[in-house]
Amino acid sequence: MAATTANALSGTSLLDRKLKGAPSKKGIFAFLSALAAGIVYIVFHVAHDLDAASITSYAPYGLLALALLIALGFEFVNGFHDTANAVATVIYTHSLEPNIAVVWSGICNLAGVLLSSGTVAFAVITLLPVELILQVSSGAGFAMVFALLIAAILWNLGTWWLGLPASSSHTMVGSIIGVGIANQLLMARTGTSGVDWEQAMKVLKALLISPVIGFVFAGMLILLAKQVAKFPELYEAPKDSTPPPLPIRALMVLTCTGVSFFHGSNDGQKGMGLIMLILIGTVPTAYALNHAVSPAQMQDFIASSERAGRILDHHVDPKGILGPDARATVTDYIRTKQLQPDTILALRELVEDLDHEVLLYKEFKAVPPQDQANVRNDMYVASEALRLMVKANNPAFNADEKAALSSYKEKVDHATKFIPSWVKVAVALALGLGTMVGWKRVVVTVGERIGKDHLTYAQGASAGLIAMGTIFAADKFGLPVSTTHILSSGVAGTMSANGNGLRFSTIRNIAAGWVFTLPAAALLSGSLYWIFRHIS
């Protein structure tokens, strides 16, 4: 027991010296090189996009710069929490130097983001009121985006200052709920939509269940490892600044790599959907439609549109009467989830109109600048309506019809739900910068304040492996989860299973952050949205 205490104290003093030490020159050089290369890449691609766009006023540039600064500020603060968790165990166990770990984590985050499908980014967007999504270039649309991002930044900064591994996922979802409720209260007489509670509950269930999975399975994994891997060094806390034996070091680096990669593929997407709304709202001629769609893909889109139109024609209600605004009719269906006699008729009209426009212009970048946002909105509404109809099985499409409509929806989404590569690079850089600034507080919490004893190599590896698997599964289902809560609950699970005991003051604080984050973020964002709406 005395030896264990001595080792723990030794680990504490060495970690303290490392936390207070100056960054290594190699780490600084590697990070600055990556930062410079990323900035050059971003500037080149943004300039190319804006040069190809028909912009008659310079006002959008200022608004675009401000909005992107706030959006990337959210990702920067996100790096304090979630990305810092990805490097916590590898730094705490001296497997990598802090600056090298941060750069490596940033590269893995970038790889995860670049290889991601964007499903999580747009799953978050679907929680927002559909009217605000369609009117993102209006005052209400910008009030929504600014309220969401500023509320998330303020709450994340507050919890980081307290050293709590709070969840950026909870913060973002809470902010969206707050804006949705505030929007519905402000527009109560118009019947405007608020929160998509069905989609919100799906996301909240994932956020609730994932920490439980982290706790249980990480605890089970550490118990299994004790029966299988008979290496005493694996179950010891770091004794000094010397890196652990090569196999253990490789395992720790592997878990850091995996958590960082899957964090990028899931959590790194949270702000991307909002960034795309900003780009669409400020420069629709460049970002409303995917100009990278090839001529061959355009032909596939036309053929798929014709099939979708014929299928919808078979399900038109004879009592339906087409109104003057097909998009408004379909938008009402998305808001209410209630199929009316004129819904299918209006949806078929949208699909046929889009087919005719694509036939006319041949490629999306040829669509007149003043029509780009309208075409994008028609596509977005058609896609969301088809998603809801297929999910509810109303109307009752057969298997072949569902396959054809799903194919059409996929092609529509390819035209509207896309993320330019420079946005992904910008988010990865913002996460990396945030991690560089904020990793110290989170490393101490994860390594020393969750359990009564210090974190061992096996416990760090078990928590990391379970976090990797859980985030990977969530990514496949298009669900946002919290890297922070999965990893910290995994560490708690290993401590509990190992009989080390838990520091209930830390667990209480983390649990309090988990409980209060969502309502606090909702209240904050709702209040900001009310203020911004009145200003705009």
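A search of the whole structure, which is a predicted model, finds 7 salt bridges, a salt bridge being a side-chain nitrogen of Lys or Arg within 4 Å of a carboxyl oxygen of Asp or Glu. Side chains of opposite charge can pair when their charged atoms come close. Because the model is predicted, local features need pLDDT of at least 70 and side-chain atom pairs count only at pLDDT 80 or more, while totals for chains, interfaces and linings use all residues. Residues are numbered from 1 along each chain as its sequence is written, and side-chain values use heavy atoms, with hydrogens and water left out.

**Salt bridges**

- Arg 348 and Asp 313 meet through their side chains in a salt bridge of 2.2 Å, N to O, and this pair links distant parts of the chain, with Arg 348 in helix H15 (residues 343-361) and Asp 313 in helix H13 (residues 295-314), 35 residues apart; helices here are DSSP runs of H or I with at least four residues, strands are runs of E with at least two, and both are numbered from the N terminus.
- Arg 348 counts as buried at 17% relative accessibility, whereas Asp 313 is partly exposed with a relative accessible area of 40%, where buried means under 20% relative accessible area, exposed over 50%, and partly exposed in between (1.4 Å probe, protein chains only).
- A network of salt bridges links Asp 313 and Arg 348 with Glu 352.
- Within helix H14 (residues 326-336), Asp 332 and Arg 335 lie 3 residues apart, about one turn of the helix, and their side chains meet in a salt bridge of 3.3 Å, N to O.
- Asp 332 is partly exposed, at a relative accessible area of 39%, and Arg 335 also counts as partly exposed, at 29% relative accessibility.

**Helix H16**

- Arg 387 forms a salt bridge with Glu 384, with the closest N and O atoms 2.9 Å apart, and both residues lie in helix H16, 3 residues apart.
- Glu 384 counts as buried at 4% relative accessibility, while Arg 387 counts as partly exposed at 22%.
- Asp 378 is also found in helix H16, which covers residues 369-392, and is buried, with a relative accessible area of 12%.
- Leaving aside residues up to four places away in sequence, Asp 378 touches Arg 327, Leu 350 and Leu 354, a contact meaning heavy atoms within 4.5 Å.

**The largest cavity**

- The lining of the largest cavity includes Phe 122, Met 276, Arg 376 and Lys 417, and the elements that give two or more residues to this lining are helix H5 (119-125), helix H11 (270-282) and H16.
- H11 provides the largest share of that lining, 4 residues.

**Confidence**

- The protein chain averages a pLDDT of 82, and 88% of the residues score at least 70, pLDDT being the predictor's confidence in each residue, from 0 to 100.
- Confidence in the protein chain is lowest in helix H1 (residues 2-20), at a mean of 48, and highest in helix H17 (residues 399-416), at 94.
- Over residues 1-13, pLDDT stays under 50, and the model has 8 contacts beyond four places in sequence for these residues.
- Where pLDDT is low, the predicted coordinates should not be read in detail.

Terms used: On a 1 Å grid over the protein atoms alone, a cavity is a set of points where a 1.4 Å probe fits but cannot get out, and a pocket is an open set with protein on both sides within 12 Å along at least five of seven lines; lining residues have an atom within 4 Å of a point.
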